[in-house]
Amino acid sequence: MKRSLTVLSLSFTAALVAALTMPASSEPAGHGSLSPRLLQHLSQSVQVRTYLAHPQQAPTTLASALDGVRSGQGNASLAAKAAGPARGLFNRDSTGLPQNEESLATCPSQPKVVAGGTNDYRGILDPAGNFTGWTLSTNGGRTVANEGLLPAIAQPGGPLPSGGDPVSQADSSCNLYMADLNYGPDPFSTPNGIGVYRSTPQRLATCPQGTNPDNLTHDSCWPTRRLVASANLVNGNGHFLDKPWFDVGRSGAAGEVVWVTYTDFTFDSNAPLGFTNASIKAVRCDASLSHCTAPILISGSDRDVQFSDVTVSASGATLVTWAEIQGELEQTPQTFIIKARIAPPGSTTFGPTHVVSRVVKPIGFGDTLHANDFRVATGVKSIMPIVHGRPRPVVVWEQCRYRVLDTICEEPQIVMSRSTDAGTSWSRPRAISAGGDNYQPAISDPVNHRFVVSWFTNRYDRVFHNRQDVEMVTVNDSGGRLSHRHRITRLSNETESDPLLGGSFIGDYIDVSLRGGTAYVAFSANYRHVRLLGDGAAVPQQDNYLLRSAP
């Protein structure tokens with residue numbers, strides 16, 4: 001292990017918890033001061049990179065740690081050994097650094113191929129600064145065949161490292177794709193964009209395998225990669241692209257396509273929240289990523305949006321859903337309006353916007369759960385099953401049963417709304433969770449007239465509503481009937497136990513995939529005990545997990 005990287009990781013570890021939970025300094029550091037409310041919108045890896053690039057913006061404790069890095073302090077070894085890998089562990093990490101925000105892809109033509117993505121904090125040690133992790137299994141998720149970090153993507157101003165917010169998909173021929181954020185060492189003063197990567201299971205299984213945290217990036221693993229959208233920031237002003245989602249599917253005369261959606265923020269360092277506008281945009285590429293459209297505005301005149309999702313249905317039509325946020329820019333109680341648009345097969349022209357639901361008790365940006373400290377907000381996930389030859393879109397999200405003082409969310413529910421007329425009108429939202437606190441729903445594509453929805457729940461901690469499990473329910477896509485509700489995890493997770501992140505961040509989403517008679521669920525938990533960077537005792541720390549279940 002290179003001494004300089006070890007020094008960086010130890011100094012960084014000493015103060016990262018404070019950096020994640022405290023507002024930035026009011027002193028500018030090459031650009032206007034950062035709004036904590038702005039950072040709540042963006043991937044946490046963006047926040048980490050910003051403090052590394054501008055220690056003057058960081059809380060005092062972190063700034064002192066960075067001074068220690070420059071002066072060469074620190075001397076621990078990375079000879080970390082796990083204390084008994086937990087069931088379902090889906091990485092080979094020996095550093096004790098966190099992984100979270102899981103994505104998942106399973107292959108229709110090769111059912112034993114399972115690929116995943118994470119925010120991987122081993123990026124702190126990566127010489128190129130890549131933060132998006134990938135993992136491959138060739139035996140149905142039982143073991144890891146290979147893993148690494150997505151490489152940087154070339155662009156005229158210099159390569160942009162991978163930066164988190166991973167999404168994973170597979171096409172009908174088992175080509176594997178990933179999308180993520182890409183930005184430079186200084187996220188708020190450099191180009192940024194949405195990257196899409198393409199590879200194959202065979203290439204990922206045989207490309208170089210890193211044995212140390214400083215050699216996890218290998219360009220040959222993902223030979224096809226491009227920015228499908230790009231932007232620039234100067235002194236904290238301009239545009240930043242965030243929260244990508246994408247799908248791969250056959251769309252009419254266009255053939256196999258890749259649809260990508262994302263949020264385009266207009267940053268203004270002088271604005272109260274650090275931004276003045278946000279819009280949902282979409283790009284369509286061919287399957288080889290050789291040709292892509294220009295960005296297409298989806299959200300119209302909405303001024304504040306987030307959490308887009310896109311689905312290419314079996315009919316070839318494309319569904320995009322998102323949340324408009326009202327009240328945040330005005331700094332008043334927030335209302336989320338869930339919206340949807342559909343493009344016909346083969347087309348890049350979307351029909352009118354329809355309102356799915358007006359959520360008057362969302363988990364708003366800056367709100368908290370009553371018994372947990374990690375960041376969470378109402379997100380939107382959707383699919384479009386074809387029933388009797390007609391599209392039947394489905395949308396799921398979380399909303400509070402009670403919202404105390406307009407900021408504290410109590411007993412959030414997972415709710416579902418369906419449309420029987422191709423997205424023109426929508427059913428009244430129906431709770432599909434079964435009590436307690438429920439959040440971060442994920443929804444699978446339909447298989448054999450059913451799909452599954454999975455989410456985090458605290459309902460098994462009946463006393464404190466704090467410890468976390470993963471729950472899943474099967475839904476009949478013709479009538480919406482629920483069946484086979486069950487707990488995926490055997491042991492409740494204590495979200496606060498990670499030594500680096502504490503209880504501040506668990507990721508913004510999990511993922512689920514239904515393939516044949518098996519449901520795969522990807523999530524983060526702190527089950528495994530590891531010595532953090534080879535120092536101290538073996539303690540629980542955050543990892544990505546993959547569990548399988550009958551739907």
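Four strands, β9, β13, β18 and β26, each give at least two residues to the lining of the largest cavity. Keep in mind that you're looking at a predicted model. The biggest share of that lining comes from β9, with three residues.

**The largest cavity**

- The space inside the largest cavity comes to about 200 Å³.
- Its lining is made up of 16 residues, and the closest to the centre are Phe307, Gly379, Lys381, Asp508 and Tyr509.
- Sort the lining of the largest cavity by type and you get nine nonpolar, three polar and four charged residues.
- How many cavities of 30 Å³ or more are there? The count comes to seven.

**The largest pocket**

- Now for the largest pocket, which has a volume of about 860 Å³.
- The pocket is lined by 43 residues, and Asp247, Val248, Val312, Asp445 and Arg515 are the closest to its centre.
- Which strands each bring at least two residues to this lining? They are β1 (99-106), β5 (167-170), β9 (237-250), β13 (305-312), β18 (380-383), β26 (438-443) and β30 (511-515).
- Strand β9 supplies the largest share of the pocket lining, six residues, and β9 also gives the largest share of the lining of the largest cavity.
- By type, the lining of the largest pocket splits into 21 nonpolar, twelve polar and ten charged residues.

**A nonpolar patch on the surface**

- Over on the surface, Tyr402, Val404 and Leu405 make up a nonpolar patch. Together they have about 300 Å² of accessible area.
- One of these, Val404, sits in strand β22, which covers residues 402-404.

**A buried valine**

- For another valine, look at Val48 in helix α4, which spans residues 44-53.
- Is Val48 buried or exposed? With 1% relative accessibility, Val48 counts as buried, since buried means under 20%.
- Val48 and Ile124 are 76 residues apart in sequence, while their C-alpha atoms are 9.0 Å apart in space.

Definitions and conventions: Residues numbered from 1 in each chain as written. Predicted model: local features only at pLDDT ≥ 70, side-chain atom pairs only at ≥ 80, totals over all residues. Heavy atoms only, no water. 1 Å grid on protein atoms, 1.4 Å probe; cavity = no way out; pocket = protein on both sides within 12 Å on 5 of 7 lines; lining within 4 Å. Points joined across faces, edges and corners; volume = space filled by probe spheres on them. Nonpolar A, V, L, I, M, F, W, Y, C, P; charged D, E, K, R; others polar. Patch = residues over 30% accessible without salt bridge, like charges linked within 9 Å, V, L, I, M, F, W, Y side chains within 5 Å. Areas by Shrake-Rupley, 256 points an atom, 1.4 Å probe, with all protein chains shown as cover. Salt bridge = Lys/Arg side-chain N within 4 Å of Asp/Glu carboxyl O. Buried < 20%, exposed > 50% of the residue type's maximum accessible area, 1.4 Å probe, protein only.
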